[in-house]
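Hello,

Here is the structure I promised to pass on.

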Amino acid sequence: MHPYGLYLPTRLVFGENAIERLPELTKGFGKKVLIVTGGGSARRNGILGRARELLRDREIFELSGVEPNPRITTIRKGVEICKKEGIEWLLPIGGGSVIDSAKAIAAGAFYEGDAWDLVLDSSKIKKALPILVVLTNAAAGSEYDDSGVISCLETHEKLPFGSPLLAPAASVMDPAYTCTVPAKHTAAGAADIFSHTLEQYLVADGSILTDAMCEGMLRTVIECTRRVLKNPNDLDARGQLMMASSFGCCGLLSIGRTPSPWPCHAIEHELSAWHDITHGEGLAVITPHWMRWSLTEKTAPRLAQYGVRVFGLDPKAPAMENAGKAIEKTSGFFRSIGMPAALSELGVTDEHFEAMADHAVLHRPLLSTAFRPLDRGGILAILRASL
Ligand code: NZQ
Ligand code: ZN
């Protein structure tokens, strides 16, 4: 069994009206809070208003307008507010983009130079403001991990950063908040959770316990995504997806196995950096093509195990046959929830593929440890097949 370490310091507070615990959860955090929100959903559905009421004894500052694929330019504005006003803690209300931005701001508040330095080199993160998350979208898992992903449009880069200092102190999760997420982002969030699980599952070796957790996650995401797309107010299914969001990206699903270099995420982040596409949609296109490219005599048994345990394929059929079927079932699932099947549907052309492959290889040296070792040629092959 592969050695592992796991440190999950964030308190999860899940349930109806969980936001009411905001004052108690942030008691020692100080008076000055910066609330971080996205393009307006938190205001429209009343969460921002309720948070402001609950925190009426604090001095509240606000940074709104965080973009999906959050930009370093917006983070710089947040850092400036923190430094100028002496902000003591951060309250992101939103999905992955808002939470990731709060993490970058939390670290930037204590950094002398430009916040982008911290994305390029996380070892420069020495201190961070405390963060309390109010989650409104089941997807990225940023509410329960210590990393984020930030974009710089000028240089066409979207890069991950992280530090144990950035794990939120607590994440408040009321599944009712996610009922207003539009169908496209609900499905994209589900595709993201599905991908997080598969990326950690499809590696060279297995682990009895965490393989079973991954398989359960994948079956849950398939069932509950179908349910919420049919009935957006299905609170039980929304809650299951919210739980899956948190456990998909926190590291739990990878323990006992070779750690994954997250190849589909590496490629998707390049696509988002150049074309500003929705993360989950990019993953839904890339994942089946990556699986096809990764299918060899050596990898077939694991793909077949996935097909048998997640999609109920015949365990007696040959591994290569089941592996092929499992890949088709995967792309079928993504299509069934309204995700695109080709990059051209997202307006992507092959113009920047070479630059994307160069950048991915430069910034993700561990891709050579992927399920099937991935190099520049492999990335280009997957991108071209995905077009
Ligand atoms: O901006 P607002 O108005 O809030 O609208 C958002 C946005 O348009 C909307 N939304 C969120 N909650 C809503 C809602 N609309 C109505 N009602 C609600 N309750 O949904 C849209 C997408 O939001 P966003 O935060 O961008 O989506 P998601 O949660 O999928 O996060 C995606 C970002 O997370 C990064 C991705 O790369 C991407 O930038 N990731 C972060 C990770 C991490 N921190 O560990 C790992 C992931 O793999 C991922 O890379
Ligand atoms: Zn993701």
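Helix α10 (residues 263–275) packs against α11 at an angle of about 130°, with the axes 9 Å apart. Axes are lines fitted to C-alpha atoms, for helices over the stretch in contact, and angles run from 0 to 180 degrees between N-to-C directions. That makes α10 oblique to α11 (under 35 degrees is roughly parallel, over 145 roughly antiparallel, 65 to 115 roughly perpendicular, the rest oblique). Helices (H or I, at least four residues) and strands (E, at least two) are DSSP runs, numbered from the N terminus.

This is a predicted model: local features need pLDDT of at least 70, side-chain atom pairs count only at pLDDT 80 or more, and totals for chains, interfaces and linings use all residues. Residues are numbered from 1 along each chain as its sequence is written, and chains are lettered from A and ligands numbered from 1 in the order in which they are written.

Now the ligand. Around ligand 1 there are 35 residues (C-beta atom, placed from the backbone, within 6 Å). Gly38, Pro68, Gly95, Gly96 and Ser142 are the closest. α11 (279–294) is one of the elements that supply at least two residues of this shell. α5 gives the most, with four. By class, the shell has nine nonpolar, 23 polar and three charged residues (nonpolar: Ala, Val, Leu, Ile, Met, Phe, Trp, Tyr, Cys, Pro; charged: Asp, Glu, Lys, Arg; polar: the others, Gly among them).

Ligand 1 lies between domain 1 (11–177) and domain 2 (184–386), because both give residues to its shell. The domain bounds come from an automatic or database domain assignment.

Best wishes
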